[in-house]
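User: Could you walk me through this model? I have a few questions.
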Amino acid sequence: MHEKVLESALYEEAKEVLEILSREKDIMLGIFSWGNIPTQKAKIELIKHYLHEKHIHIVEINKHTALPEILKKYQSDRVYLVDDFQEILSKAKELHPDMYTIWIKRPEIEGLQNRIFANFVPDSIINSLSEVIPLLTK
């Protein structure tokens, strides 16, 4: 739970991207994270000041189970979901067809529970979180 270890668990560009996006008055930033809750909370503490408190969702069970309940809260909102697992994006699009899905294609996780879904095409594919900035600010 040391800050340096937790910070290394964040993608390198995450803080910079959140800083830029947090300055946009029409963007409300949130996070949907899963894993050990104390660890996730400690990791999110490093970026919490960029996020809107009511849009921080941490679940210990896996994302698939919590996704429908969380997305119900955003049925009337324009949502951009960035994830590195296509399965989450595919399920989210199924539940909320107007959602804009962005697959961040991370080479370090390819092949690790990240199969390609034949009937799903994300709205955008990016290789780095910084590529999300022009998608959200235009």
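**An aromatic pair and a helix contact**

Analyst: Tyr100 counts as buried, with 19% relative accessibility, where buried means under 20% relative accessible area, exposed over 50% and partly exposed in between (1.4 Å probe, protein chains only). This is a predicted model, in which local features need pLDDT of at least 70 and side-chain atom pairs count only at pLDDT 80 or more, while totals for chains, interfaces and linings use all residues. Residues are numbered from 1 along each chain as its sequence is written, and side-chain values use heavy atoms, with hydrogens and water left out.

User: How many aromatic pairs does the structure hold?

Analyst: The structure holds one; the ring centres of Tyr80 and Tyr100 are 5.1 Å apart with planes at 45°, so the pair is tilted (centres within 6.5 Å; planes under 30 degrees apart are stacked, over 60 edge-to-face, the rest tilted).

User: And where do Tyr80 and Tyr100 lie?

Analyst: Tyr80 is in strand E3 (residues 80–83) and Tyr100 in strand E4 (residues 100–104), so the pair ties together parts 20 residues apart in sequence; strands are DSSP runs (E, at least two residues), and helices are H or I runs of at least four, numbered from the N terminus.

User: Switching topic, which residues of H4 meet H5?

Analyst: Lys63, His64, Leu67, Pro68 and Leu71 in H4 meet Glu87, Ile88, Lys91, Ala92 and Leu95 in H5, contact being heavy atoms within 4.5 Å.

How values were computed. Phe/Tyr/Trp six-rings, centres within 6.5 Å; stacked < 30°, edge-to-face > 60°.
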